[in-house]
Amino acid sequence: MVGARTAQTDHPLHDDIDNVVVSSEQIQERLQDIAAEIDLQYADRNVLLVGVLKGAFIVMADLARYLTVPVEFDFMAVSSYGSATQTSGVVRILKDLDLDIAGRHVLVVEDIVDSGLTLNYLLRNLRARGPASLEIMALLSKPDQIRVDLPIRYHGFQVPNVFVVGYGLDYAERYRHLPYVGTLKPSVYRD
Ligand code: PRP
């Protein structure tokens with residue numbers, strides 16, 4: 001039998017991490033609380049979780065397994081126009097939803113809200129399709145970076161304006177599967 005890894009320091013990528021910003025235990029506890037809120041809110045409804053790829057796949061999978069209400073899943077993939085450091089607020093849809101959301105109770109799941117421009121665009125786009133309700137769950141946000149007012153219904157943690165990886169967030173497509181959120185050692189960028 002394969003032994004389960006429990007301590008986050010056991011993770012093979014942990015050597016690359018400078019500081020743990022949100023621990024695995026903190027994330028899982030908060031997700032259980034959020035799931036309980038969602039269970040109450042959607043008690044007599046069928047909720048459609050919409051994950052924004054790629055980052056949201058981890059939080060969506062964990063959140064969903066704490067839910068007891070009936071849940072369906074769909075995904076969108078988007079990319080923002082602009083340079084790597086400057087988002088323009090215009091979002092290109094790389095993969096649209098498979099399902100028609102008219103009349104559906106939609107809960108958009110995001111790993112992180114940075115400037116907020118991606119979600120701002122997505123909300124307007126999804127609202128135009130006539131869902132019965134449209135809410136946002138974002139695990140992380142960077143309050144110093146936010147540029148628009150977003151109605152985030154379920155929120156996990158505020159993080160400082162530093163580059164973080166793990167729990168869906170990547171650096172050059174790596175580190176998404178770390179069970180916690182942390183900063184990288186400067187040596188990782190140099191190598
Ligand atoms: C991240 C995150 C959000 C977006 C937030 O995705 O998952 O979708 O950036 O940024 P904003 O609030 O400034 O618009 P990213 O573009 O890194 O793609 P990924 O999820 O595929 O890694």
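Biologist: Leaving aside its neighbours within four places in sequence, which residues is Ser141 in contact with?

Modeller: Ser141 touches Val113, His155, Phe157, Gln158 and Val159, with those sequence neighbours left aside. Contact means heavy atoms within 4.5 Å.

Biologist: And the ground rules?

Modeller: This is a predicted model, so local features need pLDDT of at least 70, side-chain atom pairs count only at pLDDT 80 or more, and totals for chains, interfaces and linings use all residues. Residues are numbered from 1 along each chain as its sequence is written, and side-chain values use heavy atoms, with hydrogens and water left out.

Biologist: Where is Ser141, and is Ser141 buried or exposed?

Modeller: Ser141 is in strand β6 (residues 133-141). Ser141 is buried, at a relative accessible area of 9%. The classes are buried under 20% relative accessible area, exposed over 50%, and partly exposed in between (1.4 Å probe, protein chains only). Strands (E, at least two residues) and helices (H or I, at least four) are DSSP runs, numbered from the N terminus.

Biologist: Next, Val109. Which strand is Val109 found in?

Modeller: Strand β5, residues 105-113. Val109 has a relative accessible area of 0%, so Val109 is buried.

Biologist: What is Val109 in contact with, leaving aside neighbours within four places in sequence?

Modeller: Leu49, Val50, Gly51, Val52, Ala56, Val59, Met60, Leu63 and Met137. Separately, the C-alpha atoms of Val109 and Phe75 are 9.4 Å apart, and the two residues are 34 apart along the chain.

Biologist: Switching to helices. How do α1 and α2 pack?

Modeller: Helix α1 (residues 24-41) packs on helix α2 (residues 56-66) at about 55 degrees, with the axes 8 Å apart. That angle makes α1 oblique to α2. Under 35 degrees counts as roughly parallel, over 145 as roughly antiparallel, 65 to 115 as roughly perpendicular, and the rest as oblique. Axes are lines fitted to C-alpha atoms, for helices over the stretch in contact, and angles run from 0 to 180 degrees between N-to-C directions.

Biologist: Which residues meet there?

Modeller: From α1, Gln28, Leu31, Gln32, Ile34, Ala35, Ile38 and Asp39. From α2, Val59, Asp62, Leu63 and Tyr66. Val59 and Leu63 also contact Val109.

Biologist: Aromatics now. How many pairs does a search of the whole structure find?

Modeller: Three. One of them is Phe163 with Tyr171: centres 6.1 Å apart, planes at 80 degrees, so edge-to-face. Tyr171 also pairs edge-to-face with Tyr189, at 5.0 Å centre to centre and 75 degrees between planes. Rings of Phe, Tyr and Trp (its six-membered ring) pair if their centres lie within 6.5 Å; planes under 30 degrees apart are stacked, over 60 edge-to-face, and the rest tilted.

Biologist: Where do Tyr171 and Tyr189 sit?

Modeller: Tyr171 is in the loop between β7 (152-158) and β8 (181-184), and Tyr189 is in helix α4 (residues 186-190). They are 18 residues apart. Ring pairs link Phe163, Tyr171 and Tyr189 into a cluster.

Biologist: How accessible are Phe163, Tyr171 and Tyr189?

Modeller: Phe163 is partly exposed at 40%. Tyr171 is partly exposed at 27%, and Tyr189 is partly exposed at 36%.

Biologist: Last topic, backbone. Which residues does a cis peptide bond join?

Modeller: Leu53 and Lys54, with omega about 0 degrees. Lys54 is in the loop between β2 (47-53) and α2.

Biologist: What is phi of Tyr167?

Modeller: Near 50 degrees, a positive value in a residue other than glycine. Most residues other than glycine have a negative phi. Tyr167 is buried at 3%.
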